[in-house]
Amino acid sequence: MSISSKAMLITNVEDRRHWNWFPTEESRFHVVAYCQQVWWFELSGTVNFPFPPGIYTVTFRVHLGKIFKRLGRRACNFEHTHGWDLGTVRYELSTSDGQHAVSECFIDDTGQDDPNGNIRRGSWIEYKVGEFIVSASDPVTEVRFSMKQIDCTHSKGGLCVDSVSITPSDLKVHPRKGV
């Protein structure tokens, strides 16, 4: 299951000085939320679904820098990317049956380097929020998730938010884990 950033509650998303929506072929929803500059970064969502019994992983799909096409080729602008190295982002999930998971980490894409040590900035990164267990499809499970960095001592910006994914844990390959 994948939930578009359009379906999430994003603080100040209506203020174009802070957030913009822009189209991209790199999103299955064809549009992503772009954080230009904020002091208070917070987004959240809720989904109700009769998940089959199993263990599920929740991840946020984000990208540092703004993606665009130049002469038909993919490019990325990092000019307004700032502040994500100054404080950790807190990811949380909770379920209707009382499960709760929290992880924190800095958003960076330096771990995306290729095997030869060349820096590959501008890749999509999946940050793992946590896991939850469903023992029965009935009743429907409510899953609440959030991503926030509300330390108002510095501004942050230059981040694309695509989606949140909820997948069976045994299908996840390489999500980045929080500290």
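What percentage of the 179 residues in the chain do buried residues make up? They make up 47%, with buried meaning under 20% relative accessible area, exposed over 50% and partly exposed in between (1.4 Å probe, protein chains only).

Before you start clicking, some ground rules. This is a predicted model, where local features need pLDDT of at least 70 and side-chain atom pairs count only at pLDDT 80 or more, while totals for chains, interfaces and linings use all residues. Residues are numbered from 1 along each chain as its sequence is written, and side-chain values use heavy atoms, leaving out hydrogens and water.

**Stop 1: the whole chain**

You'll find 13 strands and 0 helices; here strands (E, at least two residues) and helices (H or I, at least four) are DSSP runs, numbered from the N terminus. Now show the surface: its accessible area is about 9,500 Å², and 53% of that belongs to carbon and sulfur atoms. Areas come from the Shrake-Rupley method with a 1.4 Å probe, and for residues only the protein chains shown count as cover. As for contacts (heavy atoms within 4.5 Å), take those between residues at least 6 apart in sequence: 75% of them join residues at least 24 apart.

**Stop 2**

Select Ser2, in strand β1 (residues 2-4). Ser2 counts as partly exposed because its relative accessibility is 21%. Beyond its neighbours within four places in sequence, Ser2 is in contact with Arg28, Phe29, Ser163, Val164 and Ser165.

Next, pick Thr59, which is 57 residues from Ser2 in sequence and 9.5 Å from it in space, C-alpha to C-alpha. Thr59 belongs to strand β6 (residues 54-64) and, at 1% relative accessibility, counts as buried. From there, draw a distance to Lys128: the two C-alpha atoms are separated by 4.4 Å, although the residues are 69 apart along the chain.

**Stop 3: the rings**

Colour the aromatics. There are 10 aromatic pairs in the structure. Rings of Phe, Tyr and Trp (its six-membered ring) pair if their centres lie within 6.5 Å; planes under 30 degrees apart count as stacked, over 60 as edge-to-face and the rest as tilted.

Zoom to Phe22 and Tyr34, an edge-to-face pair at 6.1 Å centre to centre with 75 degrees between the planes. The pair links distant parts of the chain, with Phe22 in strand β3 (residues 19-23) and Tyr34 in strand β4, 12 residues apart. Both Phe22 and Tyr34 are buried.

Then jump to Tyr91 and Tyr127. Their ring centres are 5.7 Å apart and their planes at 15 degrees, so this pair is stacked. Tyr91 sits in strand β9 (residues 89-95) and Tyr127 in strand β11 (residues 125-134), 36 residues apart. Tyr91 has a relative accessible area of 0%, so it is buried; Tyr127 is buried too, with 1%.

For a cluster, select Phe49, Phe51, Tyr56 and Phe132, which are linked by ring pairs.

**Stop 4: charges over rings**

Which ring does the charged end of Arg61 sit over? Select Trp124: the charged end of Arg61 is 4.3 Å from its ring centre. The test is NZ of Lys or CZ of Arg within 6 Å of the ring centre and within 35 degrees of the ring normal. Go back to Tyr34 for another case: Lys66 lies over its face, 5.1 Å from the ring centre.

**Stop 5: salt bridges**

The whole structure holds 7 salt bridges, each a side-chain nitrogen of Lys or Arg within 4 Å of a carboxyl oxygen of Asp or Glu. Asp15 is buried, with a relative accessible area of 19%, whereas Arg17 is exposed, with 61%.

Glu104 and Arg90 meet at 2.9 Å, N to O. Glu104 lies in strand β10 (residues 100-105) and Arg90 in strand β9, so the pair ties together parts that are 14 residues apart in sequence.

**Last stop: a nonpolar patch**

Finish with Trp39, Trp40 and Ile150, a nonpolar surface patch with about 300 Å² of accessible area together. Patches are made of residues with over 30% relative accessible area and no salt bridge, joining like charges within 9 Å and nonpolar side chains (Val, Leu, Ile, Met, Phe, Trp, Tyr) within 5 Å. Trp39 lies in the loop between β4 (31-35) and β5 (41-49) and, at 43% relative accessibility, counts as partly exposed.
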